[in-house]
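Please keep the structure open while reading.

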Amino acid sequence: MILRKWFLVFFTCFVFVSTARAQLVIEVTSGADQLLPIAVVPFGYNGTDALPEDIAQIVQDDLTRSGLFQAIPRSSMLSQPSKEADVFYRDWRLLKSDYVVIGSVEKIAANRYRVGFELLNVLSQKPVEKHASIDVNASNLRDAAHYISDKVYQLLTGLPGAFSTRILYVTTEGNRLAPTFKLQVADADGHRPQVIVESKEPILSPSWSGNGKYIAYVMFRNRRPNIFIQELATGKRQQVARFRGLNGAPAWSPDGKKLALVLSKDGNPEIYTLNIATQKLERMTNHYAIDTEPSWEPDGKGIIFTSDRGGNPQIYRLDVKTKRVERVTFEGDSNSKGELTPDGRYLVTVQKDDGNYHIALQDMKTGRVKILTRTYLDESPTIAPNGSMVMYATSENGKGILAVVSVDGLVKYKLPSADGDVREPAWSPYFK
């Protein structure tokens, strides 16, 4: 039951003890049935030294990872233009490419570059996006590439891209008797990982603030869970909950002014909210059952949470103003770790069925439920800020990895580490 769930949430980290490498690797396992052919041509460069990053390759990898695009191999390209005047559209029609991305990189100072790009429609033989450019330092060339990917994705799908976002996750290394836990942040494609917190005791439940500037997480000290808030830019950390018993599952309100969290300081795990500025606590649930895993509705008017008050773990909705509670999920043996897509239309959960845990998607208008994954132990779903993809933790060959599935279930890819276990993912919002 849900007591077992709590035991797993707080203590399974101790078994993830293989050596872990920070870098994650993208492995696309399936895509949509109809892929849009696109060519991302190597960008021209005016410098005499080598560029620190292959921008076109990063853009191609981003678009391919979305599962919606089929990239034309560089080896098949009949030419590699960097400006529209040099484009022969007939060549790209022969390759059956619908769109072409071209661009150039100009070195404008010792460590400064100007990156320009265009998106061309092969059929109309016209630019979809006129020449645009951004100036960046060498360390931000990957950012420029992700920005281009976001622009291309939005122009061709109508949805904002999420390639410029970041992810939080927890890795472990060491042996069973003395593991080291690391909370890390990386680009959404797993590159440029940085260790934020390192500890000999478990780190759990990382959560992003709405502006992407702060995170909250649980870190054990002397085998007791405590909740911290940390500013990413400075590393400044503040302990906000260290009550007797459980201190867990922090979740930021959309406006960044409150945390929803789980405390058992009054004897039973309940949902509370903490005003960050005043440190005032407000108890939101009052039930003999265990209430846990809160997440906010996009408008901040409600909190989604897990409770076994109906006999087994299911998802409930709490009205923040009235504190009225209503049950939301009814299918499956149990549902837990609920989170709504940014538009509030869909609820993502971990659904247990016949002893297996899968990622499920429930339409909040129709109530219809779709199972998105078929692996046996999926957990900790987190949704991309454009609502198109769900990242989650799972197991492969006895190791914990991260995986991603689209909300329609068609696109899937994995982000395994070279070795070791990766858990507890949290997808960032768009940065403000």
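Buried means under 20% relative accessible area, exposed means over 50%, and partly exposed lies in between (1.4 Å probe, protein chains only). The model is predicted: local features need pLDDT of at least 70, side-chain atom pairs count only at pLDDT 80 or more, and totals for chains, interfaces and linings use all residues. Residues are numbered from 1 along each chain as its sequence is written, and side-chain values use heavy atoms, with hydrogens and water left out.

**Salt bridges**

A salt bridge here is a side-chain nitrogen of Lys or Arg within 4 Å of a carboxyl oxygen of Asp or Glu. The whole structure holds 23 salt bridges. Three of them are tabulated below.

| Pair | N to O distance |
|---|---|
| Arg 65 and Asp 62 | 3.1 Å |
| Arg 166 and Asp 187 | 3.7 Å |
| Arg 283 and Asp 266 | 3.7 Å |

Helices (H or I, at least four residues) and strands (E, at least two) are DSSP runs, numbered from the N terminus. Arg 65 and Asp 62 both sit in helix 2 (residues 55–65), 3 residues apart, about one turn of the helix. An α-helix has 3.6 residues a turn, so residues three or four places apart point the same way. Both Arg 65 and Asp 62 are buried.

The salt bridge of Arg 166 and Asp 187 links distant parts of the chain: Arg 166 is in strand 8 (residues 166–173) and Asp 187 in strand 9 (residues 180–187), 21 residues apart. Asp 187 is buried because its relative accessible area is 3%.

The salt bridge of Arg 283 and Asp 266 also links distant parts of the chain, 17 residues apart. Arg 283 belongs to strand 18 (residues 281–283), and Asp 266 to the loop between strand 16 (258–263) and strand 17 (270–275). Arg 283 is partly exposed at 28% relative accessible area. Asp 266 is partly exposed at 45%.

**Positive phi**

Most residues other than glycine have a negative phi. Arg 192 has a positive phi near 55°. Its place is the loop between strand 9 and strand 10 (194–199). At 26% relative accessibility, Arg 192 is partly exposed. Gln 279 has a positive phi of about 65°. The loop between strand 17 and strand 18 holds Gln 279, which is partly exposed at 34%.

Helix 4 (residues 141–157) has 17 residues. The expected span is 1.5 Å times one less than the number of residues. For helix 4 that gives 24 Å, and the end C-alpha atoms are 24 Å apart, so the two agree. Buried residues of helix 4 include Arg 142, His 146, Asp 150 and Tyr 153. Gly 158 follows helix 4, with a positive phi near 85°.

**Around Ser 428**

Ser 428 lies in the segment after strand 31 (421–427). Ser 428 is buried because its relative accessible area is 1%. Contact means heavy atoms within 4.5 Å. Leaving aside neighbours within four places in sequence, Ser 428 contacts Thr 165, Arg 166, Trp 208 and Pro 385. Ser 428 and Trp 208 are 220 residues apart in sequence, yet 6.0 Å apart in space, C-alpha to C-alpha.
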